[in-house]
Amino acid sequence: MAPTNTLPAWSELQAHRDDIAKNFVLKEAFASDADRFNKFSRTFKSDGISADILFDFSKNFLTNETLDLLVKLADEAGVERKRDAMFRGDKINFTENRAVYHTALRNVGGWEMKVEGQDVMNGPNGVNSVLQHMKEFSEQVRSGEWVGYTGKKLTNIVNVGIGGSDLGPVMVTEALKHYGAPDMTLHFVSNIDGTHMAEALKASDPETTLFLIASKTFTTAETITNANTAKSWFIEKTSGKGDVAKHFVALSTNEEEVTKFGIDKANMFGFESWVGGRYSVWSAIGLSVALYVGYDNFHKFLAGAHAMDKHFRETPLRDNIPVIGGLLGVWYADFFQAQTRLVAPFDQYLHRFAAYLQQLSMESNGKAITSDGSSAKYTTGSILFGEPCTNAQHSFFQLVHQGTKLIPADFILAAKSHNPIHDNLHQKMLASNYFAQAEALMVGKTDDQLRAEGTPEELIPHKRFLGNRPTTSILVGDVIGPAELGALIAYYEHLTFVEGAVWDINSFDQWGVELGKVLAKKILKELDEPGNGEGHDASTGGLIGAFKSFAKI
Ligand SMILES: O=P(O)(O)OC[C@H]1O[C@@H](O)[C@H](O)[C@@H](O)[C@@H]1O
């Protein structure tokens, strides 16, 4: 396609932006249009999910014209065509020649889904058969029918995986803790730092521990090393009597490597190469979720995501919630030079949500090369960060309110708490902060207000809030249960897709993580050889030498 910044809508947006930047004051836009909230908020309703989710985009730099122009840009960039190609199973991951089909994993609606003419849902290794395997296995473990080598129930789960084989399961099991089996303990070991595995093993009893070795490729150095360490520990602790087949299962696409590792293929939960790592929590990689919250809840999680898929697939662009979210991402990044996006859930259970979204967003859209191999002449993927509120308010929100950068923020709140303790006081305080932060960011505080409060003149510049800082407020109409969580994650997945489609980049590869891996492999060997390694710059060589001498290697 023509470079995005040469599309007619791009220059129209640029002209419109100059106008908006000069004249648009959010609080005045509300004062002059009583209907603004209704105009720019959208409610996500679906049969697949009992709660409505309200997406309030009205506190963004948006007018009717902005939305028209952004939708025009999406049209010209072929967002719908690209979306349809994804749902058709086309190989849109063109640098790896793969389809992008995580939506098939949660296709509870019975869509026909095919890759290269093959039905991916049915058949011996199809999505439905893996789900059935996950259902049976998780039910057997939870009920105590599947026992360890001494006949004890397995209640300690250690998931060994990194990146997408870790972040999704961690985030989702934390988010759904309310639904978790009370007798089950979960550990997630990702880091190659031996401390991570050592601490998990310290807290584990081999008789009751189930290891899930989660790796799409089953070649990731950290995961395979950690898995081998876990296996040695298990064999040693059980004096060789432990039955690996009862205590180790694999979640992977690579049957050959799984078998080589010593896991029976009957205990392998497979998926296909068209599932990207950062989109894999819906696949066998989500087995820890199914074990912890039960298969029915896992199914609801899939159903919530499918409901968002349906909305994304079928809704016209102007009312399409992830499309609006993605277009706002482009709007701020490319037309307001916003470098970051803040996601702050007002929800302690979502304390790993931003970490999860970092991989989703930054590994997907951290690309500078467009589909024809040329460099993008515009900004792409934003830096995403976040922490749960109200904690974040007492930490980095200073910069969000009074710093020199524009930081568009998403705030997420559930109307109901799983823990309405102290007569729901906590939830009401949480909610009041959710409303107050977005309001404060928008309205700011003027010099006149400060004067009226008696602020000394010399303090006025320091206490001034310029305001006019955009937020999107997401309000879940009930508690955040499995379906609502599924829908929220799918919202961000599709938002990321829309951004990547407009930027004309491949959101589904991740070549940028390879170079460091290759160099680390070479240096690992050098650490056992004399000298400071071959061919390094003076800094790297000097550091290797210093490390060896400090560590007496
Ligand atoms: O699941 P695997 O194959 O072990 O890969 C784990 C992670 O490995 C990283 O190198 C990739 O950047 C991630 O995308 C991926 O999720």
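## Basis of the description

Helices are taken here as DSSP runs of H or I with at least four residues, strands as runs of E with at least two, and both are numbered from the N terminus. With those labels, Ser239 falls in the loop between α10 (221-237) and α11 (244-247). The structure is a predicted model, and the values that follow are to be read as properties of that model.

## Helix α21 and its end

Helix α21 covers residues 482-503, and its 22 residues should span 32 Å at 1.5 Å a residue, which agrees with the 32 Å that separate its end C-alpha atoms. The helix is mostly covered, with 22 of its 22 residues buried.

Directly after α21 comes Asp504, which has a positive phi, near 60 degrees, and which belongs to the loop between α21 and α22. The relative accessible area of Asp504 is 7%, and because the limit for buried is under 20%, this residue counts as buried. Apart from neighbours within four places in sequence, Asp504 is in contact with Met1, Thr4 and Lys82, and also with Ile369, Thr370, Ser371 and Tyr378.

## Packing of α16 against α21

Helix α16 (residues 353-365) packs on α21 at an angle of about 20 degrees, the two axes lying 10 Å apart. Since angles under 35 degrees count as roughly parallel, α16 is roughly parallel to α21, and the crossing of the two helices is right-handed.

On the α16 side the contact is made by Phe353, Tyr356, Leu357, Leu360, Ser361, Ser364 and Asn365, while α21 contributes Leu488, Ile489, Tyr492, Glu493, Thr496, Glu499, Gly500 and Trp503. Sorted by class, this contact of α16 with α21 holds 8 nonpolar, 5 polar and 2 charged residues.

Asp410, which lies in strand β12 (residues 409-414), is buried with a relative accessible area of 5%. Leaving out neighbours within four places in sequence, the contacts of Asp410 are with Arg341, Leu342, Val343 and Ala344, together with Thr472 and Tyr492.

Gly329 is placed in helix α15 (residues 321-335) and, at 7% relative accessibility, is buried. With neighbours within four places set aside, Gly329 is in contact with Arg341 and Glu499; Arg341 is also among the contacts of Asp410. Gly329 and Leu201 stand 128 residues apart along the chain, and their C-alpha atoms are separated by 42 Å.

## Packing of α22 against α23

Helix α22 (residues 514-527) and helix α23 (residues 538-551) pack at an angle of about 45 degrees, and their axes are 11 Å apart. That angle makes α22 oblique to α23, and the crossing of α22 and α23 is right-handed.

Ile523, Glu526 and Leu527 of α22 form the contact with Ile544, Phe547 and Lys548 of α23. By class, the contact of α22 with α23 comprises 4 nonpolar and 2 charged residues, with no polar ones.

## Backbone geometry in the loops

Most residues other than glycine have a negative phi, and most peptide bonds are trans. Against that background, Ser239 has a positive phi of about 50 degrees although it is not a glycine, and at 57% relative accessibility Ser239 counts as exposed. His422, likewise a residue other than glycine, has a positive phi near 50 degrees; His422 is placed in the loop between β12 and α18 (425-443), and is exposed with a relative accessible area of 57%.

The peptide bond that joins Cys389 and Thr390 is cis, with omega about 20 degrees. Thr390 is found in the loop between β11 (383-385) and α17 (397-402).

## A buried loop residue, Ser58

Ser58 belongs to the loop between β2 (49-56) and α4 (64-76), and its relative accessible area of 1% makes it buried. Apart from neighbours within four places in sequence, Ser58 is in contact with Leu26, Phe30, Arg36, Phe37 and Phe40. Ser58 and Asn38, 20 residues apart in sequence, have a C-alpha to C-alpha distance of 8.0 Å.

Methods:
Residues numbered from 1 in each chain as written. Predicted model: local features only at pLDDT ≥ 70, side-chain atom pairs only at ≥ 80, totals over all residues. Heavy atoms only, no water. Expected span 1.5 Å × (residues − 1). Buried < 20%, exposed > 50% of the residue type's maximum accessible area, 1.4 Å probe, protein only. Contact = heavy atoms within 4.5 Å. Axes fitted to C-alpha atoms, helices over the stretch in contact; angles between N-to-C directions. Parallel < 35°, antiparallel > 145°, perpendicular 65-115°, else oblique. Left-handed = near helix turned anticlockwise from the far one by under 90°. Nonpolar A, V, L, I, M, F, W, Y, C, P; charged D, E, K, R; others polar.
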